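Open the structure in a viewer and keep the selection panel at hand. The stops below say what to select next and what is there.

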Amino acid sequence: MELTGAEIVIRALKEEGVDYVFGYPGGAILHVYDAIHAQNDIQHVLVRHEQAATHAADGYARASGKPGVVLVTSGPGVTNAVTGIATAFMDSIPMVILSGQVPTKLIGNDAFQEVDSVGITRPCVKHNFLVKDVKELATTLKKAFYIATTGRPGPVLVDLPKDITAAKTVFDYPHNIKMRSYSPTLKGHTGQIRKAVKLILKAERPIVYVGGGAILGEASKEVTELTRMLGYPVTNTLMGLGAYPATDPQFVGMLGMHGTYEANMCMHDCDVMIAIGARFDDRVTGNLEKFAPYARIVHIDIDPSSIAKNVQVEVPIVGSVANVLRAMISLIREEGSQPVKKEALARWWRQIDKWRAIDSLSYEHSDTIIKPQYVMQQLYTVTEGNAIVTSDVGQHQMWAAQYYHFDLPRRWINSGGLGTMGFGLPAAMGCKLACPDLDVACVTGEGSIQMMLQELSTMLQYNTPVKIVNLNNGYLGMVRQWQEFFYEKRYAMSYMDALPDFVKLAEAYGHVGMKIEHPGDVEASLREAFAMKDRTVFLDFITDPEENVFPMIPAGGAHNEMLLAGRDAMRSTHEEGMVLV
Amino acid sequence: MRHIISILLENESGALSRVANLFSARGYNIETLCVAPTEDPSLSRMTLVTNGTPEIIEQIVKQLNKLIEVVKLVDLTEGVHIERELMLVKIRAVGELQRAEVMRLVDIFRGRIIDVTEVTYTVEITGTSEKLDGFMDAVGRDELLEVTRTGITGIARGVKALRT
């Protein structure tokens, strides 16, 4: 039996086990919408802006491990989606975007709602396709899912001209696909693994540095097993939080610009670094010239181009993180070997305890004004550390990362690479659909939340109750913090005047609004909000307007040049650091 | 250092833009680029001349390999190889003396005259880029009316072949 292109799209999505599609209709994609209308297996979530569709699909993907699927129309449908596609690309999130396109005959004619979607998205997708023949549609869709979900994952866009979705052909979905030009290396090189293990066991001052790749590669079990076997300290990147349990005594906290003192000092002073699914991003390394001067580095990553991009390493291992770690674990087991430098390791732990004693995440408490850090600590307590926490971008993101201790992977959902404000709310909606039984909190600020506020409407329509924790300080806080430190407090355009009444706003959208102004009310309000299982609650916390995120490595600084709260607050940055971002 | 990277890629629309996009997005240089289908019409062979430190060349090779349409590639400069470029050049040739001189130079550089008018010769010449430069210098840059060059193409010496 022959099917239309639109029907083929829906059948392919079913074959791929897709249960939700996030999208927005328009002229060029209407055939596909008509096919959605004719079935009940796949639920379509109608967002209020295409960017939200990508963020929601992204949140769904991060929480579930399955690819997120987006459906948009041509022209503005695609251009609106670009920010969300780039967000997913930077964080290697599996996503398939299906976009309508003007009929093939009109391509290149500047037709209504025509844009070169493949051209516009090329730099921010793992791959993209323009389907020119309905006979190739099924194979192309299979390839799209295959590419998006294997190797280093990423977004793949399939552009669907309107005549292609109308044309008919026999539906034959390939169950396996092999591409001569694409076959990710999964198994690590045995010789390299052997070499790495030898180096690791001889370490005197080791650090395990774990990034988002460990979560994407479902390797947190292996990360934890190997780290515990070795007894070495471990740090997670912003993207890696949850890959190793944060409440474990071997965990030294997040590293990087706003990481803990002990994590960054471990990075600086270590003699052996075991980098797992991490990419030595500039927010992690600080000044590359002063990065880990004594370290011999083992780097495990599925993407060869991540290795030796920013930092030269001694033992590169290309492969899936889980595979490589399993091979390392069994090698150590078989040989019955263990770390040899017992005395040096004990000394290293004593040193780490001294760094920990500095308590770099301490802050000044207040009985009169709400400290944002305190809200995060209470959020952790009230949810017993079990919630999925999404965040937007800025100070609140760092506080959530610092004070909510993630013990499990896929619980901390944020835009780490691109740093996209507006991500948190639609992502939370996607998370709630992926994990309906878990509490979902969206930690945000009054700046970020206003970038995707319209999704409160979608959340009512699809009944995705999340708790919005708005740290409202009246400023674009991270911008203001940098202006305080590096621009002599000239707060250019970082003040948010004329804020809406968020309580009324939440109520206008059919949700519950709460305004909290006193520290004594923080815990009770959170408890009250989370008790409302089936309601979205907007908690507007009026917080200390000029609180800063500490500790901090100023741009251009090294890991051992951290600024700590109180002590170094006003010390200015390096001159050369000013040109960095 | 100068590197000649030879790439087999899927002969699909958009493949070339992906390569070009990669170079501009990551700030790498392309000195010359030469691309055409191979004996297998589903594959194109691209020869790309670039330069950079060993670290940058390593990243270029890795990033190219990451492109879905790139099937295989080799850095020809890592081994013994042959490189050639084709140039078509229209040269002013007026008067017996100049016409004879141009013909002699074409002969010396093993070129061929492929079109003639009363006042011009059009010459086809292949060789390394240096040889083509040398020919233009010998003729005299002022006498060149039009020059078109293909950019470098290359192949490794010996039995080793870049195939799928």
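Helices (H or I, at least four residues) and strands (E, at least two) are DSSP runs, numbered from the N terminus. This is a predicted model, in which local features need pLDDT of at least 70, side-chain atom pairs count only at pLDDT 80 or more, and totals for chains, interfaces and linings use all residues. Residues are numbered from 1 along each chain as its sequence is written, while chains are lettered from A and ligands numbered from 1 in the order in which they are written.

**Stop 1: around α10 of chain A**

Select residues 220-230 of chain A, which form helix α10. Its buried residues are S220(A), E222(A), V223(A), T224(A), L226(A), T227(A) and L230(A). A residue is buried if 20 or more other C-beta atoms lie within 10 Å of its own, exposed if 12 or fewer, and partly exposed in between, with C-beta atoms placed from the backbone. The buried residues of α10(A) pack against several elements of chain A, including α8 (190-201), β12 (272-276) and α13 (321-335). After α10(A) comes G231(A), with a positive phi near 75 degrees.

Now select E218(A), in the loop between α9 and α10 of chain A. This residue is not glycine, yet its phi is positive, near 50 degrees. E218(A) has 14 other C-beta atoms within 10 Å and is therefore partly exposed.

**Stop 2**

Go to A308(A), in the loop between β13 (296-301) and β14 (315-318) of chain A. A308(A) is another residue other than glycine with a positive phi, here near 65 degrees. Since 17 other C-beta atoms lie within 10 Å, A308(A) is partly exposed.

Next, select F550(A) and P551(A): the peptide bond from F550(A) to P551(A) is cis, with omega near -5 degrees. P551(A) lies in the segment after β20 (537-542) of chain A.

**Stop 3: a helix pair**

Two packed helices are described by the angle between their axes and the distance between the axes. Select α15 (residues 372-382) and α21 (residues 522-531) of chain A, which pack at about 45 degrees with axes 10 Å apart. Axes are lines fitted to C-alpha atoms, for helices over the stretch in contact, and angles run from 0 to 180 degrees between N-to-C directions. The two helices are therefore oblique to each other; angles under 35 degrees count as roughly parallel, over 145 as roughly antiparallel, 65 to 115 as roughly perpendicular and the rest as oblique.

Which residues of α15(A) meet α21(A)? They are Y374(A), V375(A), Q378(A), L379(A) and V382(A), and on α21(A) they meet V522(A), E523(A), L526(A), R527(A) and F530(A). Two residues are in contact if their C-beta atoms, placed from the backbone, lie within 7 Å.

**Stop 4: the core**

Select V70(A), Y209(A) and I276(A), which touch the most other members of the largest nonpolar core, a set of 201 residues. A nonpolar core is a set of buried Ala, Val, Leu, Ile, Met, Phe, Trp, Tyr and Cys residues joined through C-beta atoms within 7 Å. A second, separate core of twelve residues includes V89(B), V106(B), L132(B) and V139(B).

**Stop 5: chain B**

Finally, select chain B, which has four helices and nine strands. Its C-alpha trace spans about 55 × 35 × 30 Å along its principal axes. Of its 164 residues, 26% are buried. To see where the chains meet, look for the twelve residues of chain A in contact with 17 residues of chain B.
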